[in-house]
Amino acid sequence: MRDDGCETSSKLARDDSRPVQWIISSEPVPYTVALEAMKARAAAIAAGEAEEAIWLLEHPPLYTAGTSAVAGDLLSDRFPVYDAGRGGQYTYHGPGQRVAYVMLDLTRRGRDIRCLVQGLEGWVIDTLAAHNVVGERRDGRIGVWVKRPDKGVLREDKIAAIGVRVSKWVSFHGISLNVAPDLSHYDGIVPCGITDQGVTSFEDLGQLVSMEEVDSVLRSAFEARFGPTIYASEEGLVSAAPHGQVA
């Protein structure tokens, strides 16, 4: 997929270089809690009452249905199923998977949703490259893919899913990157509606890395594309920024 200038232009960087809050949850977060927190934070950002944020977390095992989900792609109800409200179809979240929720003010970043999605894919690809894993885009298939010649000719596995929603030009939802999840948990769905390819992870590819190591690379790769970040507490995820601090 061509980047059409999205990754080399200033569209992904905030126009005033204000840092994005970088928030990491140390314990699994229930999906409904995360969804409500994201909605509240996105609304606060749109109102000029809160800073942009990247929220890194893990969820308990669950399935989510995007706005294009097909009922027949849910093969089992072994885990709870939630309507996500994001784009895309069915996906899995669970322990060993790094979810990064991306709450960015696109009014300050070029108002280009296509470039945002390509930037998120590039962010994952850069993170994989730092661990000697070659991730690639595919036309017509959102997400990041890894070639698996060991499984057959033209075989590819998905290592990261991407699904975003934009409201009042503020993004939420984001990416999920498989570090070391139980891949058998994907058996209950047709991931993203694709039947002829599989899923993989760092662990499945023989890359034994900790979540902390992945987080460190995610942060540096994000900053290279989107601009500076600053650590923040998850307790302040939906709180308003101090008066006068939001431009």
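## Pocket, cavity and first helix

About 420 Å³ of space lies in the largest pocket. The model is predicted. The lining of this pocket counts 26 residues. Arg86, Gly87, Gly88, Ile162 and Gly163 lie nearest the pocket's centre. By class, the pocket lining has 12 nonpolar, 11 polar and 3 charged residues.

Which elements each supply at least two residues of that lining? They are β5 (90-93), β6 (97-103), β8 (141-147), β9 and β10. β9 gives the most to the pocket lining, with 5 residues.

The structure holds 2 cavities of 30 Å³ or more. In the largest cavity there is about 60 Å³ of space. Two elements give two or more residues to its lining: β9 (156-167) and β10 (170-178). The largest share of that cavity lining, 4 residues, comes from β9. Lys158, Ala161, Asn178, Tyr186 and Val199 lie nearest the cavity's centre. By class, the cavity lining has 7 nonpolar, 3 polar and 1 charged residues.

Here are the two spaces, row by row.

| Space | Volume | Lining | Top contributor |
|---|---|---|---|
| Largest pocket | about 420 Å³ | 26 residues | β9, 5 residues |
| Largest cavity | about 60 Å³ | 11 residues | β9, 4 residues |

Next, the protein as a whole. Its secondary structure comes to 3 helices and 12 strands. The protein has 247 residues, and 51% of them count as buried. What share of the contacts with a separation of 6 or more joins residues 24 or more positions apart? Such pairs account for 71%.

Helix α1 covers residues 31-46, which is 16 residues. From its first C-alpha to its last, α1 reaches 22 Å, close to the 22 Å expected at 1.5 Å a residue. Which residues of α1 are buried? Tyr31, Ala34, Leu35, Ala37 and Met38 are among them. Further along α1, Arg41, Ala42, Ala44 and Ile45 are buried too. Just after α1 comes glycine 48, with a positive phi of about 75 degrees.

Notes. Residues are numbered from 1 along each chain as its sequence is written. This is a predicted model: local features need pLDDT of at least 70, side-chain atom pairs count only at pLDDT 80 or more; totals for chains, interfaces and linings use all residues. Side-chain values use heavy atoms; hydrogens and water are left out. The expected span of a helix is 1.5 Å times one less than its number of residues. Buried means under 20% relative accessible area, exposed over 50%, partly exposed in between (1.4 Å probe, protein chains only). Contact means heavy atoms within 4.5 Å. On a 1 Å grid over the protein atoms alone, a cavity is a set of points where a 1.4 Å probe fits but cannot get out, and a pocket is an open set with protein on both sides within 12 Å along at least five of seven lines; lining residues have an atom within 4 Å of a point. Grid points are joined across faces, edges and corners, and a volume is the space filled by probe spheres set on the points. Ala, Val, Leu, Ile, Met, Phe, Trp, Tyr, Cys and Pro count as nonpolar, Asp, Glu, Lys and Arg as charged, and the others, Gly among them, as polar.
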